[in-house]
Amino acid sequence: MNYYYHFLVNPASGSGRGKKAVERVQKIVKKHRFPHQVYVTKSPGDERTITRKLLKERLIPWDEVYLENGEMLYPLLVVIGGDGTLHQVVSELQLEQQQIPVAYIPAGSGNDFARSIELPREPEKAFWKIAGTTKPQELTIIRYEEQIQEENGIALNNVGIGLDAAIVYTTNHSVAKSNLNKFNLGSFSYIAAIIRVLFRQKGFPILVECNGQQFSYKKAFLCTTTNHPYFGGGVAIAPTASVKEKKFDFVLVERVSLFKIFWLIGLLMRKKHMNSRYFHHLSTSKLRIISTVPQHGQEDGEEMGQRPFDITFTTASQLFWCP
């Protein structure tokens, strides 16, 4: 099977990794004369605009019949960027409600989704994995509906309320972030944000509804609904989660003393945190979370604002061109 590659690129992702990644991939496709076209984002929102245009003019739904047609050039959408770029593209594909597959070459800072599907982070290796794949896989993503703001959306990685979302907010609004990014040192602003938030994040009440049961927590600290094990650039917060199963995982960590927080972090690094009585874990295909005290929220690393939440999670599926 042959492909016409449509590369949608965010050159600014990963402090400039996106620009370097597409340059390395272009060397391959030009050398081997693979038919392709490159679309570059220039400002926020361009990912969705480009995707809409491609849906109207180039992309077609997947069908097994294409496996038998060796002469056809199947138009394959390949995203080069970070998790946020991929999130925007898949959000637009989900609106179309067609079986449109998407391939991914990771070029962000965290690359948690690529890690979850065991996709190489080297652009050349990721491309050849895509080129050697003959058909897409149907993977699970998270769909959510938030009742208070009447919002709905999807998540490839996770939706968080509390600690992780506060870290995202603090990092994004750090004065030093833009300066550090110029020298590819953006991770230092993230580390600084973690330290600041650990000291000031308070516990908050939360109600969880799952499988006909209710769970009430008075001092939630970290509250994450996740599609795979990883968050924060490779931290395995939910080791048993998998994008290949028709469910997602919910993780809640209670607020404890600062000494115990560092103890929990130690358990997390050694993947022994699931045995802690301060760590709560559920696997399900439907979940409702109610948080009446305003908290920061994040979806795939994008800010949702500081506010109360009444949010219901379910599963959806998306075709990915991955090994």
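Student: Is Q201 buried or exposed?

Tutor: The general idea is a set of cut-offs on relative accessible area, where buried means under 20%, exposed means over 50%, and partly exposed lies in between, with a 1.4 Å probe and protein chains only. Q201 has a relative accessible area of 9%, so this residue counts as buried. Please keep in mind that this is a predicted model, in which local features need pLDDT of at least 70 and side-chain atom pairs count only at pLDDT 80 or more, while totals for chains, interfaces and linings use all residues. Residues are numbered from 1 along each chain as its sequence is written, and side-chain values use heavy atoms, with hydrogens and water left out.

Student: Which residues does Q201 touch?

Tutor: Contact means heavy atoms within 4.5 Å. Not counting residues up to four places away in sequence, Q201 touches G162, L163, A166, F221, R255 and Q295. With Q295 there is also a polar contact of 3.1 Å between the side chains, a polar contact being a pair of N or O atoms within 3.5 Å, where within protein one must be able to donate a hydrogen and the other to accept it, and where residues adjacent in sequence count only if both atoms are side-chain atoms.

Student: Which side chain of opposite charge is nearest to D249?

Tutor: In this scheme Lys and Arg count as positive and Asp and Glu as negative, whereas His and the chain ends are not counted. A salt bridge is a side-chain nitrogen of Lys or Arg within 4 Å of a carboxyl oxygen of Asp or Glu. For D249, which is buried, the nearest side chain of opposite charge is K247, 5.8 Å away, and D249 has no salt bridge.

Student: How is the size of an interface given?

Tutor: It is often given as the accessible area lost when the parts come together. Here an automatic or database domain assignment gives the bounds, dividing the protein into domain 1 (1-134) and domain 2 (140-316). The area buried between domain 1 and domain 2, summed over both with a 1.4 Å probe, is about 1400 Å², of which carbon and sulfur atoms give 59%. In domain 1, S15, H87 and D112 lose the most area to domain 2, together 37% of what that side buries.

Notes
Buried area = accessible area lost by both parts, 1.4 Å probe.
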